[in-house]
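Keep the 3D view open as you read.

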Amino acid sequence: MESQLVSVIVLVYNTERYLKRCVDSIVNQTYKNLEIILLDDGSTDGSPDICDDYKKKDERIVVIHQKNAGLPEARNVGLNLARGEFVAFVDCDDLIRDIYIEKLVKAALKYRASIVQGRAYAFKNYHKIKSELMYNSFTNKIFVLSGKEMCHKLLYDKNANDYDCAHSKLYRREVFQGLRFPKGRLMGEDTAMAYLLFWNAETVVVIDEALYLYQSKRKDSITHAYKPQNDLDRPLSTRERMLFFKKEEKSELFYQSMYLHCNALMVAGYRLSKCGADYRDVVRSYRKELKGLLKDIVRADLTLKKKILVFLGSLSPSLWYRLWEKKNQFRKKKVWKEREK
């Protein structure tokens, strides 16, 4: 089985505190035929030295130092360098279980899958991961789907956040043919790629098992650092996705992606409205676009609840946003309560 080379791409940027545990988790995989690409994207802390130290210890490691180009462009550099039949992405502040690559490769070969999706697990305490994993709520079942079916799950499933991310997956390198992450986006670059990769995939396997691990509620994580640019970028990706399914004449996927794009416009518009006069024109353009979509929302094959929520957001963005936040908070609390049972 280990005749297949797997390229593991790790974008490194100012995470010296977490980088060693990340690289250790990759180096110590039960699957040994790896090319480990540590791509230092202009780090200003001790991360570059840590990368170089690991390169001296393990001949499978390739280290690239470059000027800061941002996450999407750095990932593209990694993809262009990758020699493996399979490719996986690991964020430099996350880690993977020792069976991660072996399990995903086995599934890819057994089912001839283009993409194998594991599940990401948010742990609370790094030193208690093993005990936390004993009580996770995943089923450990394996699901085999077509790429088109996976696009449906991406838009409708409660686990859509997992499916939308570049990490926690193993890809055959060929699915990236003609595709690269959109340059210059701080947020939404995964959203811009996930549906295209699934659409290109003939077979996708989902393993409902906690294999990819990230620390929850980390204040220094890039996902917790709000920047107005995030809300300029994400609607670009959701708009592109909506227009893609419209072009493909997939009405169900188009309607749902339009609803999700409306959500992205409402979230981004409300948050940018609190960021000062510099974003006033952008907020107006989002509200104008939202109102322009209302007629399509009325005609769309969507639930009445979804239609009402979009109309509420167009009439009272602040009320809609408060409801949206409460819903997300409730969902997160529910997940943690299930894990603590």
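## Helix packing

Please bear in mind that this is a predicted model. Two packed helices are described by the angle between their axes and the distance between the axes.

Start with helix 11 (residues 280-299) and helix 12 (residues 304-315), whose axes lie 10 Å apart at an angle of about 160°. Angles over 145 degrees count as roughly antiparallel, and helix 11 and helix 12 are therefore roughly antiparallel to each other. The crossing of helix 11 past helix 12 is left-handed. On the helix 11 side, the contact uses Leu 290, Leu 294, Ile 297 and Val 298. Helix 12 contributes Lys 307, Val 310, Phe 311, Gly 313 and Ser 314. Sorted by class, the contact of helix 11 with helix 12 comprises 6 nonpolar, 2 polar and 1 charged residues.

Now turn to helix 6 (residues 147-156) and helix 10 (residues 251-273). Their axes cross at roughly 30° and come within 10 Å. Angles under 35 degrees count as roughly parallel, so helix 6 is roughly parallel to helix 10. Helix 6, too, makes a left-handed crossing as it passes helix 10. To find the contact, look for Cys 151, His 152, Leu 155 and Tyr 156 on helix 6. Facing them from helix 10 are Glu 252, Leu 253, Gln 256, Ser 257 and Leu 260. This contact of helix 6 with helix 10 divides into 5 nonpolar, 3 polar and 1 charged residues.

## Salt bridges

Side chains of opposite charge can pair when their charged atoms come close.

| Salt bridge | N to O distance |
|---|---|
| Arg 83 and Glu 35 | 3.1 Å |
| Glu 209 and Lys 103 | 2.9 Å |
| Asp 296 and Arg 299 | 2.7 Å |

Take the salt bridge between Arg 83 and Glu 35. Arg 83 sits in the loop between helix 3 (71-81) and strand 4 (86-89), while Glu 35 belongs to strand 2 (residues 34-41), so this pair ties together parts that are 48 residues apart in sequence.

Next comes the salt bridge of Glu 209 with Lys 103. Because Glu 209 lies in strand 9 (residues 203-215) and Lys 103 in helix 4 (residues 100-111), the pair ties together parts that are 106 residues apart in sequence. Glu 209 is buried, at 9% relative accessibility. Lys 103 is partly exposed, with a relative accessible area of 31%.

Asp 296 is partly exposed, with a relative accessible area of 26%, and Arg 299 is exposed, at 60%.

Which residues are linked in a network of salt bridges? They are Arg 75, Asp 91, Glu 189 and Asp 190.

Methods
Residues are numbered from 1 along each chain as its sequence is written. This is a predicted model: local features need pLDDT of at least 70, side-chain atom pairs count only at pLDDT 80 or more; totals for chains, interfaces and linings use all residues. Side-chain values use heavy atoms; hydrogens and water are left out. Axes are lines fitted to C-alpha atoms, for helices over the stretch in contact, and angles run from 0 to 180 degrees between N-to-C directions. Helices (H or I, at least four residues) and strands (E, at least two) are DSSP runs, numbered from the N terminus. Angles under 35 degrees count as roughly parallel, over 145 as roughly antiparallel, 65 to 115 as roughly perpendicular and the rest as oblique. A crossing is left-handed if the near helix is turned anticlockwise from the far one by less than a right angle, and right-handed if clockwise. Contact means heavy atoms within 4.5 Å. Ala, Val, Leu, Ile, Met, Phe, Trp, Tyr, Cys and Pro count as nonpolar, Asp, Glu, Lys and Arg as charged, and the others, Gly among them, as polar. A salt bridge is a side-chain nitrogen of Lys or Arg within 4 Å of a carboxyl oxygen of Asp or Glu. Buried means under 20% relative accessible area, exposed over 50%, partly exposed in between (1.4 Å probe, protein chains only).
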